[in-house]
Amino acid sequence: MEQRVAPIGRLREVTVIAAAAGIGAPDPRCAEGPEHLLASGLVERIAQRGHVAVHGATVRARSTRGRTRLAVHRTFCAELAHETNAAVKRGAIPLVLGGDHCCAVGTWQGVAEALGGSLGLIWIDAHLDSHTLGTSPSGMLHGMPLAELLGVVEGSHRPPALATVAPRNVCVLGARSYEAEEVALLAELGVRVIDMDEIEAHGLDRAFGEALEIATGGTGGFGITLDLDALDPADAPGVNLPVGGGGIGLAALRKVLAERGLDPRLAALEIVEFNPHRDRDARTERAVTSIVDVIFGAAAPSPVERERFFSAHNYDPLPAVLVRGSGSHVWDDVGRRYIDMMSAYSAVSHGHCHPRLVAALTRQASTLAVTSRAYFSDRLPAFIERLCGLTDMDMALPANTGLEAVEAALKVARKWAYEVKGVPDDCAEIISCEGNFHGRSIAIISMSSEAQYRQGFGPLPTGFRQVPYGDARALAAAITPNTAAFLVEPIQGERGIVLPPPGYLAQCARICRDNNVLFIADEVQTGLGRTGRFLACEHEDVHPDGLVLGKALGGGLLPVSAFLARADVLGVLRPGDHGSTFGGNPLAAAVALEALEIIVDEQLCERSARLGAELLRELRRIGSPLIRDVRGRGLFIGVELDPAAVTAHEAALVFLAHGILTKDTHETVIRFAPPLNIDRDTLDEALVRIRAAFAELDAKHLSAPRKRPRAPA
Ligand SMILES: Cc1ncc(COP(=O)(O)O)c(C=O)c1O
């Protein structure tokens, strides 16, 4: 079974270990480097990026009279190895801050042992550090650690078992100052060295990619050891042994480390040779912090990664991480501003975070929010009374989401059929339309003609029939004495903003009345001003027997929905027949009441009619050959694209790149349904962006050969 690696798992425990020794370098003051970096707040910076970060230990070289430098070094490395070993075994990443590079022997021995002897190493250094006591011109230990880790001491090969790391898993990056003996040794062992010339020829990202492959090929994990003298001295002058210019640029290193540094296989990290006494303007200290920042900053998984990992994949969102909204604008996590031409499928008709709605919400939230319907509340009556008044309905059943209100409508219609109409028990039928969308509960998908909504979810409830949308005669033919209700969207939104022929709703309403069948309008998406009237049914002077509302009823802040009907219809429900813990709670009622008042006060229906007509006209004027149809009513507009040339999904991505939020529907249609209170300037700006997006799509697709012949219109 494929292993699921949680992105959250990349948030690691980081144990910072100060290897505060300078015995291997000519300037022993580098021993102060690690503590200097600790004092600059390095641990806290890592913690701020979401990791658990601790200062694990400070290991010092203990020189005592009579002990040789080599003996002191051995003890120091053994102690350091103990610390890194314990950290890796705990599952933490040791970050070793070393005074000079000879600490690497201890760091990597401890890590290798914890990994069961299978360590890979990326050695970033201006030097090759592959001298032995026998070959070193200076005799300084910091020029020897790589040779020792490869099992080579004083010129003789150690038995392979004593090598800490296999040569085939070591890659040296950025060398630009070395002696022939070192080159010969590494070549003999087969260690890949990518020197500065090669990096300058092909780029650091390619070199780092190769190094990563070498260090991870068959190993249990890998480490990165960074000698700061590998960097260009202009970026990091405060090192023990500066090497003339031409080193790795800090920006380039940061980029590769940001992209690949915190690979899940990274076992440990080491940064060495910082000498604060040579770091006059703190440039090297800043270089170290910025490197640590990018490595551990990259660790925090993106919201996209986390959502993809932890959320069921029942949506395929467009790649924008939205963090803020105001009116008709939203902003993403990198500060880009978008014009919202989608309004969360009409739920945000009032615009984002309308101040009156936010005020109503916070006022009520700090007064009384949820009571359940076990008691009366002072908020619910005001809301449903106003809602019944605005829709000319007798009663309302409050719920939360649209599908809950649709479910309530189905239940009520059946009960009405048995108790009022006299349909025999369990024989009631409900007629819906092909291409409908009323939600995705088990009962509702039973009415769907969309194969994907139904497949895999059976057995499905029965008692539903379908007729073609827009065909009133088909409805008349489908009605039987057992028909309880006809459920219809005045405009089919999710199907792609499909308008029925003029007069259809009125004809259907008449047919229903003549046959004692309830005409129930699902205005979850079309209602509350979206199409330019308070209800879309009003365009044909139709007054439904039952009405489903949702989405914008919650003012874009809360899920609030309702099923409304005549008293003889909703009156069939008795206590216990139906219910919802949250339906009609005081908080929802307060917000929904304010949402209704705003529609009236801001004349959102009239705005929708006026601006919608203008938007429709301007979209039709674009005249892109990719557009097959532009249709809609009010600010509820669909643009149908030629599927032979471009998919609606690709178009939505291009719109996103132009700062327009829209969404593809059924592969061919993109919708434009901005908040109803969008202002003129913003709408004009949206049109400029939409035209630019179409120009880009035209340029791309009209020069390229067609994917398949255009389907007959
Ligand atoms: C017409 C219609 N009815 C019902 C629903 C379901 O609403 P919800 O997603 O709030 O359950 C939708 C949602 O898009 C809809 O468009």
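This is a predicted model: local features need pLDDT of at least 70, side-chain atom pairs count only at pLDDT 80 or more; totals for chains, interfaces and linings use all residues.
Local features were taken at pLDDT of at least 70 and side-chain atom pairs at pLDDT 80 or more, whereas totals for chains, interfaces and linings use all residues. Residues are numbered from 1 along each chain as its sequence is written.

The secondary structure of the protein chain consists of 24 helices and 25 strands; helices (H or I, at least four residues) and strands (E, at least two) are DSSP runs, numbered from the N terminus. Along the principal axes, the C-alpha trace of the protein chain extends over about 110 × 65 × 50 Å. Of the 713 residues in the protein chain, 51% are buried. A residue is buried if 20 or more other C-beta atoms lie within 10 Å of its own, exposed if 12 or fewer, and partly exposed in between, with C-beta atoms placed from the backbone. Contacts require that the C-beta atoms of two residues, placed from the backbone, lie within 7 Å. Among contacts between residues at least 6 apart in sequence, 74% join residues at least 24 apart.

Helix α3 covers residues 69-89. The C-alpha atoms at the ends of α3 are 30 Å apart, which agrees with the 30 Å that its 21 residues should span at 1.5 Å a residue; the expected span is 1.5 Å times one less than the number of residues. Buried positions in α3 are H73, F76, C77, L80, A81, E83, T84, N85, A87 and V88. The elements covering these buried residues include β1 (13-20), β2 (52-60), β3 (93-98), α4 (104-114) and β10 (266-272). A78, also in α3, is partly exposed because 14 other C-beta atoms lie within 10 Å. After α3 comes G91, with a positive phi near 95°.

Strand β4 (residues 120-124) is mostly covered, five of its five residues being buried. G120, I122 and I124 lie on one face of β4, L121 and W123 on the other, and all are buried. Two strands pair if DSSP finds at least two bridges between them. β4 pairs in the parallel sense with β9 (residues 222-227) over five bridges, and L121 is opposite G223 of β9. A parallel pairing over four bridges joins β4 to β7 (residues 170-175), where L173 is the bridge partner of I124.

In the loop between β4 and α5 (145-149) lies M140, which counts as partly exposed because it has 19 C-beta neighbours inside 10 Å. Leaving aside neighbours within four places in sequence, M140 contacts G24, A25 and P26. The C-alpha atom of M140 is 76 Å from that of F636, which is 496 residues away along the chain.

An open sheet of four strands has the order β11-β12-β13-β23 and mixed pairing. Its edge strands, β11 (322-326) and β23 (660-661), each pair on one side only. β13 (residues 337-340) and β23 are parallel and share two bridges, with L661 of β23 as the bridge partner of D340.

The ligand is surrounded by 15 residues, of which T401, G402, L403, G439 and V524 are the closest; a residue is near a molecule or strand if its C-beta atom, placed from the backbone, lies within 6 Å of it. Helix α15 (residues 402-421) gives the most to this shell, with three residues. By class, the shell holds five nonpolar, seven polar and three charged residues. Ala, Val, Leu, Ile, Met, Phe, Trp, Tyr, Cys and Pro count as nonpolar, Asp, Glu, Lys and Arg as charged, and the others, Gly among them, as polar.

Most residues other than glycine have a negative phi, and most peptide bonds are trans. The bond from G458 to P459 is cis, with omega near 0°; P459 belongs to the loop between α17 (451-454) and β16 (464-467). A344, in helix α12 (residues 343-346), has a positive phi near 50°. E667 has a positive phi of about 65° and lies in the loop between β24 (664-665) and β25 (669-672). A344 is partly exposed, with 18 other C-beta atoms within 10 Å, and E667 is exposed, with 11.
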